[in-house]
Amino acid sequence: MNHLIVSFPPRLRARIVLPASKSLSNRALMLGALAGGARVHNLSDCDDTRAMSLAMTQRPALCDIGAAGTAMRFSTAFFAVTPGRRRLTGSARMLERPVRPLVDALRRLGADIAYAGCEGFPPLDISGRRLSGGEVEVPADISSQYISALLMIGPMLAHGLRLRLRGEVASRPYIEMTLALMQHFGAETRWEDDVIVVMPKAYDPTAEYRVEADWSAASYWYEIVALVPDEDAEVLLEGLSAHSLQGDARVCEFFETLGVETTFTPEGARLRKRPTQHNALRTDAEAEIFEADLSQQPDLAQTLVATCAAMGRNFRISGLHSLRIKETDRIAALRAELAKTGCIVTEPEEGTLAGHFAPTQALVAPEAGIDTYDDHRMAMAFAPLALRCGPLRINRPEVVTKSYPGFWNDLEKLGASR
């Protein structure tokens, strides 16, 4: 599929079954495999989770995880403690994404890992074996996926793991998510100031876990409610609860400021416009700048930046340093695609995006469409902009299969055309 044209009806009433959390699914798959067959229910049906499942269950000698960054990091640690020789590789973009901090830490724990291409990047040749473990130090501001990968193999190490985090911790909710799941599967962990201690205790093979709905996927529905002209808009997102392990559950707090209120029911989260919210591009009451630090929720960046730009809402969003090494350089991609719609977004300092708009700011649907850069979140964050600029062309829309395969079908159910 080369492109599709997205347009929305003016009235919004929807009940959506969200995909299961990709973050939880991938962690649970690895923990289940390390436990020797613990059962995981309601797995995400997306490209990344399928790649992770292949690595954990089939464990091929040549393991190609495609564009799945989480699967690359987690599988690197998993194969390091799993007997056998394997080459771990991925897509062209994956071979450009650094993995050195994780490999260095694993090597210090005794792992046998060699670079099969460029130093510091996949592909990797891994010879799995029992590792002795002990203490290792890593920068706290590296990707939380490196830290989670190390933590999850901790119980498998002969002497356990003492993981010292140097500096300010980034994406801490993802680390806490990992520790909570590890404990669910029988691990013993604790914090000692800046050190996470993992005891050498085998995971429970009888454990079972059911994956909850994905809060990252929910963010696009918050964006749709914020931008739709229907003041009585209502969306029920099934399976979401106020008590979640996912750091992206904070999306409901961020969008409260942007005019969307959340009510939790036994069925899920009900989204409505706040009674004081109006459909004007920007009112005097909304002129205050929207500010957020997303160092703990970087996957919400595209949603919030696109929403603010479409609303003409001045914003300053920081904590975006990790966006440079995602599926694409998300900072550059956001700036380039929003510029096509007439919205100029600046990077006043590294890891910060800002937008300042005239009260009459209006979006333009670019004739060439929105490019998605092989990035699922670019497609889903930009599609709702059709609510403000009219029919919008999305190029390479199939990229959504990475995390939310049913996204376009769900839009059709509410009457959007494509």
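This is a predicted model: local features need pLDDT of at least 70, side-chain atom pairs count only at pLDDT 80 or more; totals for chains, interfaces and linings use all residues.
A residue is called buried here when its relative accessible area is under 20%.

Helix α9 spans residues 301-311 and is mostly covered, with eleven of its eleven residues buried. After the helix comes Gly-312, which has a positive phi, near 70 degrees.

A buried residue may also belong to a loop. Thr-372 is located in the loop that joins β19 (352-355) to α11 (376-382). Its relative accessibility is 2%, and therefore Thr-372 counts as buried. The side chain of Thr-372 comes to 2.8 Å from the backbone oxygen of Asn-395. When residues up to four places away in sequence are set aside, Thr-372 touches Asn-395 as well as Ile-394, Arg-396 and Val-399; Met-378 and Ala-379 complete this set of neighbours.

Attention now turns to helix α1, which covers residues 22-35 and contains Gly-32. Gly-32 has a relative accessible area of 4%, so this glycine is buried. Apart from neighbours within four places in sequence, Gly-32 is in contact with Gly-37, Ala-38 and Phe-185. Leu-165 lies 133 residues from Gly-32 along the chain, and the C-alpha atoms of the two residues are separated by 26 Å.

Terms used. Residues are numbered from 1 along each chain as its sequence is written. Side-chain values use heavy atoms; hydrogens and water are left out. Buried means under 20% relative accessible area, exposed over 50%, partly exposed in between (1.4 Å probe, protein chains only). Helices (H or I, at least four residues) and strands (E, at least two) are DSSP runs, numbered from the N terminus. A polar contact is a pair of N or O atoms within 3.5 Å; within protein, one must be able to donate a hydrogen and the other to accept it, and residues adjacent in sequence count only if both atoms are side-chain atoms. Contact means heavy atoms within 4.5 Å.
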